[in-house]
Amino acid sequence: MSTDLKIDYIELPASDFDAVQAFYEAVFDWRFEDYGEEYRAFSDGKLDGGFYRSDKVSSTDNGASLVIFLAEDLEAVQQAVIRAGGRIIKPIFEFPGGRRFHFADPHGNELAVWSKTGV
């Protein structure tokens, strides 16, 4: 399968890089690298991205795209999000083909986690 034209990098806003780094390290085991005071990059081993300094937040309420993680144990990830300081926006709910929840990271960015039905 070609790697051409696949999503390769994602960027999110953050005002407190240390807080978002601690959160994503704890929940998703991301690794980080600083690029000055205005940018902090991350890698999850498959996808790379970064946080740029901003007071704005990424939220579906303001029309932003929604980043969605796939997880085998949805309840365990939801608890990890809460323990790491995230806020649950939409608790676990069902939809055709799976279940998911939405959360806000320490900066307020909205993301989601889903699992397939019957897995």
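Where does Asp29 lie? Asp29 sits in the loop between helix 1 and strand 2 (31-34). This is a predicted model, in which local features need pLDDT of at least 70 and side-chain atom pairs count only at pLDDT 80 or more, while totals for chains, interfaces and linings use all residues. Residues are numbered from 1 along each chain as its sequence is written, and side-chain values use heavy atoms, with hydrogens and water left out. Helices (H or I, at least four residues) and strands (E, at least two) are DSSP runs, numbered from the N terminus.

**Aromatic pairs and cluster**

- The whole structure holds 17 aromatic pairs. Rings of Phe, Tyr and Trp (its six-membered ring) pair if their centres lie within 6.5 Å; planes under 30 degrees apart are stacked, over 60 edge-to-face, and the rest tilted.
- Phe28 and Phe69 make a stacked pair, at 4.1 Å centre to centre with 15 degrees between the planes. This pair links distant parts of the chain: Phe28 belongs to helix 1 (residues 17-28) and Phe69 to strand 5 (residues 67-70), 41 residues apart.
- Phe28 is buried at 18% relative accessible area, and Phe69 is buried at 15%. Buried means under 20% relative accessible area, exposed over 50%, and partly exposed in between (1.4 Å probe, protein chains only).
- Phe93 and Phe95 make a tilted pair, at 6.5 Å centre to centre with 55 degrees between the planes. Phe93 is partly exposed at 29% relative accessibility, and Phe95 is partly exposed at 27%.
- One aromatic cluster is formed by Phe23, Tyr24, Phe28, Trp30, Phe32, Phe42, Phe51, Phe69, Phe101 and Phe103.

**Charges over rings**

- The charged end of Arg53 sits over the ring of Phe17, 4.1 Å from its centre. The criterion is NZ of Lys or CZ of Arg within 6 Å of the ring centre and within 35 degrees of the ring normal.
- Arg100 lies over the face of Phe95, with 5.8 Å to the ring centre.

**Strand 8 and its partners**

- Strand 8 (residues 110-116) is largely enclosed by the rest of the structure, because five of its seven residues are buried.
- Strand 5 and strand 8 run parallel, joined by four bridges. Two strands pair if DSSP finds at least two bridges between them. Leu70 stands opposite Trp114 of strand 8.
- Strand 7 (residues 98-104) runs antiparallel to strand 8, with seven bridges. Phe101 has Val113 as its bridge partner in strand 8.
- Five residues separate strand 7 from strand 8 in a hairpin, and Gly108 in the turn has a positive phi of about 110 degrees.

- Strand 3 (residues 39-43) is mostly covered, with four of its five residues buried.
- Strand 2 pairs with strand 3 in the antiparallel sense over four bridges. Asp34 has Arg40 as its bridge partner in strand 3.
- The hairpin of strand 2 and strand 3 has four residues between the strands, and Gly36 in the turn has a positive phi of about 85 degrees.
- Strand 3 also pairs with strand 4 in the antiparallel sense, over five bridges. Here Arg40 has Phe51 as its bridge partner in strand 4.
- The hairpin of strand 3 and strand 4 has four residues between the strands, and Gly45 in the turn has a positive phi of about 95 degrees.

**Largest pocket**

- The largest pocket has a volume of about 360 Å³. On a 1 Å grid over the protein atoms alone, a pocket is an open set of points where a 1.4 Å probe fits, with protein on both sides within 12 Å along at least five of seven lines; lining residues have an atom within 4 Å of a point. Grid points are joined across faces, edges and corners, and the volume is the space filled by probe spheres set on the points.
- Its lining includes Phe28, Phe69, Leu70 and Val113. Helix 1, strand 5 and helix 2 (74-83) each supply at least two lining residues.
- By class, the lining has 10 nonpolar, no polar and two charged residues. Ala, Val, Leu, Ile, Met, Phe, Trp, Tyr, Cys and Pro count as nonpolar, Asp, Glu, Lys and Arg as charged, and the others, Gly among them, as polar.

**Loops and end segment**

- Asp29 has a positive phi of about 60 degrees although it is not a glycine. Asp29 is partly exposed at 47% relative accessibility.
- Leu5, in the segment before strand 1 (9-14), has a positive phi near 65 degrees. Leu5 is exposed at 80% relative accessible area.
- Lys56, in the loop between strand 4 (48-53) and strand 5, is exposed at 64%. The C-alpha atoms of Lys56 and Ala80 are separated by 25 Å, with the two residues 24 apart along the chain.
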